[in-house]
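Load the model in a viewer and keep the sequence panel open beside it. The stops below say what to select and what is found there.

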Amino acid sequence: MKVRSIFISDVHLGTRGCQAERLLDFLRDYESENLFLLGDIIDFWAMNRGIHWTPAQNTVVQKILRRARRGEQVMLIPGNHDEAMREYDGVSFGDILVRCEHIHVAADGRRYLLLHGDEFDQVTRYHRWLAVLGDVGYNLLVRVNAWLSRLRRLLRRPGYWSLAGYAKTRVKRAVSFVFDFEDALIHAVRERGLDGVICGHIHSAAIRPVDGTVYVNCGDWVDSCTAVVEHHDGRLELVRAWQPVAAALPAEAPRSAASPAPTLDELPQTGIICGAETVRL
Ligand SMILES: [Mn+2]
């Protein structure tokens with residue numbers, strides 16, 4: 001398919017989680033005039049701990065370089081995981097221009113601010129801590145919880161401190177984190193008289209009009225495998241390069257021997273998702 005622009009972010013090349021094969025499929029399917037890479041493309045943070053570089057990840061880099069060489073406008077806007085690149089604002093590496101932010105004028109005349117978005121993440125430090133601890137923190141929490149209730153029993157304290165309750169507040173906090181992030185970005189682009197923002201960073205894809213201003217997030221290529229494309233009339237579309245089996249199959253569909261369940265490869269590889277996405281920190 002031919003589109004005017006492609007926007008992708010949070011590819012995290014150099015990590016085990018990077019879904020390079022899916023991204024290659026997507027890039028094969030979509031030709032464009034502009035390719036905007038909105039940050040966290042190469043994950044230098046993770047590579048400090050250990051590099052996981054696959055042939056597919058190598059091919060991603062080669063394909064992007066080749067597209068740039070063949071006349072596609074390729075722009076790299078660094079994120080926090082590739083922040084070293086921010087020192088090269090305005091510098092062209094071969095055919096790829098590095099910009100810390102950029103205003104993209106869509107075919108319909110709308111003006112969008114392009115940036116990674118971590119500048120608007122109020123809790124980046126907390127987030128970093130959370131990302132590093134991950135499962136370790138959760139397991140510890142479970143153990144601490146068991147220990148605390150034993151202590152409470154020993155001290156004959158009434159009540160029970162609930163881990164579920166704690167987890168719920170955490171989820172609520174995560175939801176409000178996403179809303180705070182969106183609000184901050186929408187506020188910023190309105191102040192600058194722009195029509196919208198296209199960013200990444202929070203790994204939560206969305207195209208959401210908010211009182212005349214459009215909030216767009218490209219999602220990521222670690223988990224959701226999403227990208228945003230601009231059609232030749234300026235229309236933006238969220239593309240998911242992979243649909244989970246559960247969502248693609250009708251629930252409890254009767255299966256006969258004549259029509260076996262489709263395998264993952266037989267399912268449609270692209271689709272559109274709009275509206276609220278899963279919340280992920
Ligand atoms: Mn980021």
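Axes are lines fitted to C-alpha atoms, for helices over the stretch in contact, and angles run from 0 to 180 degrees between N-to-C directions. Helices (H or I, at least four residues) and strands (E, at least two) are DSSP runs, numbered from the N terminus.

The model is predicted: local features need pLDDT of at least 70 and side-chain atom pairs count only at pLDDT 80 or more, while totals for chains, interfaces and linings use all residues. Residues are numbered from 1 along each chain as its sequence is written.

**Whole chain**

Start with everything shown as a cartoon. The protein chain has 6 helices and 13 strands. Of its 281 residues, 30% count as buried; a residue is buried if 20 or more other C-beta atoms lie within 10 Å of its own, exposed if 12 or fewer, and partly exposed in between, with C-beta atoms placed from the backbone. Two residues are in contact if their C-beta atoms, placed in that way, lie within 7 Å. Among contacts between residues at least 6 apart in sequence, 69% join residues at least 24 apart.

**Stop 1**

Select D10 and H12, which both sit in the loop between β1 (2-8) and α1. Phi of D10 is near 50 degrees, a positive value in a residue other than glycine. H12 is not a glycine either, and its phi is positive at about 55 degrees. D10 counts as buried because it has 30 C-beta neighbours inside 10 Å. H12 has 28 such neighbours inside 10 Å and therefore counts as buried.

**Stop 2: helix α1**

Select residues 20-29, which make up α1. Which residues of this helix are buried? They are A20, L23, F26 and L27. These residues lie on the same side of α1, because they cover an arc of only 120 degrees around the axis, the arc being that of the directions from the helix axis to the C-beta atoms. An α-helix has 3.6 residues a turn, so residues three or four places apart point the same way. Now look at the face turned away from the buried side: R28 and D29 are there, and they are exposed.

**Stop 3: α1 against α3**

Keep α1 and α3 and hide the rest. Their axes come within 8 Å and cross at roughly 30 degrees. The two helices are therefore roughly parallel to each other; angles under 35 degrees count as roughly parallel, over 145 as roughly antiparallel, 65 to 115 as roughly perpendicular and the rest as oblique. α1 passes α3 in a left-handed crossing, meaning that the near helix is turned anticlockwise from the far one by less than a right angle (clockwise would be right-handed). For the contacts, show A20, E21, L23, L24 and L27 in α1, which meet A56, Q57, T59, V60 and K63 in α3.

**Stop 4: strand β11**

Return to β11. Of its 5 residues, 5 are buried, so the strand is largely enclosed by the rest of the structure. T226, V228 and E230 are on one side and A227 and V229 on the other, and both faces are covered. In a regular strand the side chains alternate between the two faces of the sheet.

Next, show the strands that β11 pairs with; two strands pair if DSSP finds at least two bridges between them. β1 and β11 pair in the antiparallel sense over 3 bridges, and S5 has E230 as its bridge partner in β11. β12 (residues 236-240) also runs antiparallel to β11, joined by 5 bridges. In β12, the bridge partner of E230 is L236. β11 and β12 form a hairpin with 5 residues between the strands, where G234 takes a positive phi near 95 degrees.

**Stop 5: the five-stranded sheet**

Select the open sheet of 5 strands, ordered β6-β7-β8-β10-β9 with mixed pairing. Its edge strands are β6 (102-105) and β9 (206-210), each pairing on one side only. Neighbouring strands of this sheet are turned by 20 degrees against each other on average, direction ignored.

The bridge partner of H102 in β7 is L114. These two strands form a hairpin with 5 residues between them, and G109 in the turn has a positive phi of about 90 degrees.

Finally, select β8 (residues 196-199) and β10 (residues 213-217), which pair in the parallel sense over 4 bridges. Here I198 has V216 in β10 as its bridge partner.
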